[in-house]
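Hi there,

Here is the structure I promised to pass on to you. Have a look at it first, and then read on for what turned up in the ligand site, the cavities and the pockets.

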Amino acid sequence: MKLKNYLLDEDQKSRWKENGWIHIEAAIDTRSLALARSEVDRLARTPAMEKGLTHYYEETHSGKKLCRTERFIEHSEQLEELITTGVIPEIASALFSHEAVLFKEKINYKMPGGAGFSAHQDATAYDFVNHHITCLVALDNMTKENGCLIFAQRPGEKALLKTNNAGCIDQKTANALDWFAVEARAGDIVYFDSYTPHKSGSNATNAPRTALYLTYNALQDADMRATYYDNRDRIIASNQESRISTIGHFKGQNISTSSS
Ligand SMILES: O=C(O)CCC(=O)C(=O)O
């Protein structure tokens, strides 16, 4: 899978340092975008697998819909190549100043009527390593109407904001932040740090808003993907946990999981 050759310029590096996120427009060429979309469609139709492909569903105004698929690189050579080789992990490595390794990968479908996410910092959701960077790959245009990401300024490079019982940013703290929506076009990528506060709205349009979220950590902190997913398996199996994450940031209703 080919990406346009892309290197971070000085302006992007300083915006990353200042804000903890950067938006790179048209990073993925049309052919690769079409291939990624068709692989995502295929994965969405592929049955969940024990210790493998995991699907999560939510109840929407038009019935039960797929909201997330995780742990899929073993089931798509094309997506594995996009996610683990070439420009996407190379930029993550540049942002870490160390070689990056994949921590987890997910597809958020945000179907029509699909729910948004409460204000949170990913650092509260991811165990095992304390610093992650996520690359969002927009497979559809992401707009305010269909629930694009909305960022706020980090309180400090590695500072955590006050949380509520669900592990999300407490309401009063969230209300005091300045939020700005980052709209993106299909083929754009957006990197954000695990300490960057973010949230999103629901999808009020009639079309899905599909995006890949590829989360990396510095390899020098260990390769924890297998451990992370083994732990998720245990949580899901032990208490029928139906949250899509270790924190309760997803606002969807009647969440259900199928991993086997
Ligand atoms: O896809 C979205 O709208 C936001 C996703 C998000 O913040 C997350 O999955 O942690």
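A quick definition before we start: a polar contact here is a pair of N or O atoms within 3.5 Å. Please also keep in mind that this is a predicted model.

**The ligand and its contacts**

For His 249, the distance from a polar side-chain atom to an oxygen atom of the ligand is 3.3 Å.

How much of the ligand does the protein bury? On its own the ligand would expose 300 Å², and the protein buries 99% of that.

Around the ligand there are 14 residues, and the closest are Arg 68, Lys 110, Ser 200, Arg 209 and Tyr 213. Sorted by class, this shell comprises 3 nonpolar, 6 polar and 5 charged residues.

**The cavity that holds it**

Where does the ligand sit? You will find it in the largest cavity. The elements that contribute two or more residues to the shell around the ligand are strand 4 (100-108), strand 5 (117-120) and strand 10 (198-200).

The structure has 4 cavities of 30 Å³ or more, and the volume of the largest cavity is about 120 Å³. Its lining is made of 16 residues, with Lys 106, Asn 108, His 120, His 198 and Tyr 213 nearest the centre. Strand 4, strand 5, strand 10 and strand 11 (211-218) are the elements that each give two or more residues to this lining. The largest share, 3 residues, comes from strand 10. By class, the lining of the largest cavity divides into 5 nonpolar, 7 polar and 4 charged residues.

The largest pocket holds about 260 Å³ of space. Its lining includes Leu 8, Trp 16, His 131, Arg 154, Glu 157 and Asp 193. Helix 1 (10-19) and helix 4 (87-96) are the elements that give two or more residues to this lining, and helix 1 gives the most, with 3 residues. In class terms, the lining of the largest pocket has 5 nonpolar, 1 polar and 6 charged residues.

The second largest pocket contains about 170 Å³ of space. It is lined by 13 residues, and Ala 119, Gln 171, Ala 174, Asn 175 and Lys 199 lie nearest its centre. Here the elements giving two or more residues are strand 5, helix 5 (171-175) and strand 10. The lining of the second largest pocket is made up of 6 nonpolar, 5 polar and 2 charged residues.

Best wishes

Notes
Residues numbered from 1 in each chain as written. Predicted model: local features only at pLDDT ≥ 70, side-chain atom pairs only at ≥ 80, totals over all residues. Heavy atoms only, no water. Near = heavy atom within 4 Å. Polar contact = N/O pair within 3.5 Å; in protein donor to acceptor, adjacent residues only side chain to side chain. Areas by Shrake-Rupley, 256 points an atom, 1.4 Å probe, with all protein chains shown as cover. 1 Å grid on protein atoms, 1.4 Å probe; cavity = no way out; pocket = protein on both sides within 12 Å on 5 of 7 lines; lining within 4 Å. Sits in = over half its atoms within 2 Å of the grid points. Helix = DSSP H or I, 4+ residues; strand = E, 2+ residues; numbered from the N terminus. Nonpolar A, V, L, I, M, F, W, Y, C, P; charged D, E, K, R; others polar. Points joined across faces, edges and corners; volume = space filled by probe spheres on them.
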